[in-house]
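Good morning. Please have a look at the chain on the screen, and then I will go through a few of its features.

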Amino acid sequence: MLIAQLTDTHIRLPGRLAYGVVDTAGYLERAVAYLRSLPRQPDVVIVTGDLTDFDTPEEYARFKAITAPLPMPLFPVPGNHDSSAGLRAAFPQIARQAGGGSTDKLNYVVDGHPVRLVLLDSFVPGKPHGELGAATLAWLDAQLGAAPERPTLIGLHHPPFVTGIRHMDVQNLFDAAALEEVLLRHPQVLALTCGHIHRTVVTGFAGRPAMIAPSPAHAVSLAFSPDAPPSFHMEPPAVALHLFEGGRIVSHTSFVGPFDGPYPFFDAQNRLVGAD
């Protein structure tokens, strides 16, 4: 199974640039075209939050129009720039399958694939940080307990770990310790992936790999100084690709081109090109 991950697309209305600089819609268009061009097509696309910049119906409609050419199903969860209610209204088919232990949270399970996807809503109204809450955590525990033999990937917006980028770390997942307790009880969870930081970050959480996926637009500046001001850089746009093979999930950061290549290492006689 191949799972593509988009995150932090921050779509705005036509003619509006994010932070006065970033044509987020243009970047998402290029990311969609890139995913469609892959020799092996992803089976699904997950979107780990901040689909929009201001949680408006018009921004959701633009996001959906840009991603409509994707031939595979798309499964989003809200980020702090979205809202649970906004995503429910924009994606009624997702809202219908959401259970989540709470009528407000958009938590749901995607079955029918080699990897079971459990997507969690960490949105907190009016706040930049994330929380799952007791009801979501109890729901997650029950869902994982109901399918202990199924390889599982967890997806949410807010990272449950410190990255060293201080102005972002203060708005990560506040109940990370409680999430860790749940995951430790369920070894079939192979990995956890999230967004929010706009750049690739890899660590361990609850004894398994945990990843933050990059944005297909702008990247939060890599600044470890505690007093570094919030800022961003226009680094190469990228998506994450999670390959399930051999009983494990292998995650790749894949930059959105175009780039020169592919160039062969060996010629028709199996000699290293340029060796003579």
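I will talk about the pocket, the salt bridges, some backbone geometry and a surface patch.

First, the ground rules. This is a predicted model, where local features need pLDDT of at least 70, side-chain atom pairs count only at pLDDT 80 or more, and totals for chains, interfaces and linings use all residues. Residues are numbered from 1 along each chain as its sequence is written, and side-chain values use heavy atoms, with hydrogens and water left out.

Let us start with empty space. Rolling a probe the size of a water molecule over the atoms shows where such space is left. A pocket here is an open set of points on a 1 Å grid over the protein atoms alone, where a 1.4 Å probe fits, with protein on both sides within 12 Å along at least five of seven lines; lining residues have an atom within 4 Å of a point. The largest pocket has a volume of about 290 Å³, volume being the space filled by probe spheres set on the points. Of its 17 lining residues, Tyr-19, His-81, His-167, Met-168 and Val-220 are the closest to the centre. Sorted by class, the lining holds six nonpolar, nine polar and two charged residues. For that count, Ala, Val, Leu, Ile, Met, Phe, Trp, Tyr, Cys and Pro are nonpolar, Asp, Glu, Lys and Arg are charged, and the others, Gly among them, are polar.

Next, charges. Side chains of opposite charge can pair when their charged atoms come close. A salt bridge means a side-chain nitrogen of Lys or Arg within 4 Å of a carboxyl oxygen of Asp or Glu. How many are there in the whole structure? The search finds seven. One of them pairs Asp-141 with Arg-185, at 3.2 Å from N to O. Asp-141 is in helix H5 (residues 133-146) and Arg-185 is in the loop between helix H7 (176-184) and strand S7 (189-194), so this pair ties together parts 44 residues apart in sequence. Helices (H or I, at least four residues) and strands (E, at least two) are DSSP runs, numbered from the N terminus.

Another bridge, at 3.8 Å from N to O, joins Arg-166 and Asp-169. Both lie in helix H6 (residues 166-169), three residues apart, about one turn of the helix. Is Asp-169 buried or exposed? Asp-169 is buried, with a relative accessible area of 15%, while Arg-166 is partly exposed at 38%. Buried means under 20% relative accessible area, exposed over 50%, and partly exposed in between, with a 1.4 Å probe and protein chains only.

Now the backbone. Most residues other than glycine have a negative phi, and most peptide bonds are trans. His-10 has a positive phi, near 50°, and is buried at 1% relative accessibility. Ala-206 has a positive phi of about 55° and sits in the loop between strand S8 (201-205) and strand S9 (208-212). Cis peptide bonds join Gly-257 to Pro-258, with omega about 10°, and Gly-261 to Pro-262, with omega about 5°.

Last, the surface. Phe-265, Phe-266 and Leu-272 make a nonpolar patch of about 360 Å². Patch residues have over 30% relative accessible area and no salt bridge, and nonpolar side chains (Val, Leu, Ile, Met, Phe, Trp, Tyr) are joined within 5 Å. Areas come from the Shrake-Rupley method with a 1.4 Å probe. Phe-266 is in the segment after strand S13 (248-255) and is partly exposed at 46%.

Technical notes. Patches are made of residues with over 30% relative accessible area and no salt bridge: like charges are joined within 9 Å, nonpolar side chains (Val, Leu, Ile, Met, Phe, Trp, Tyr) within 5 Å.
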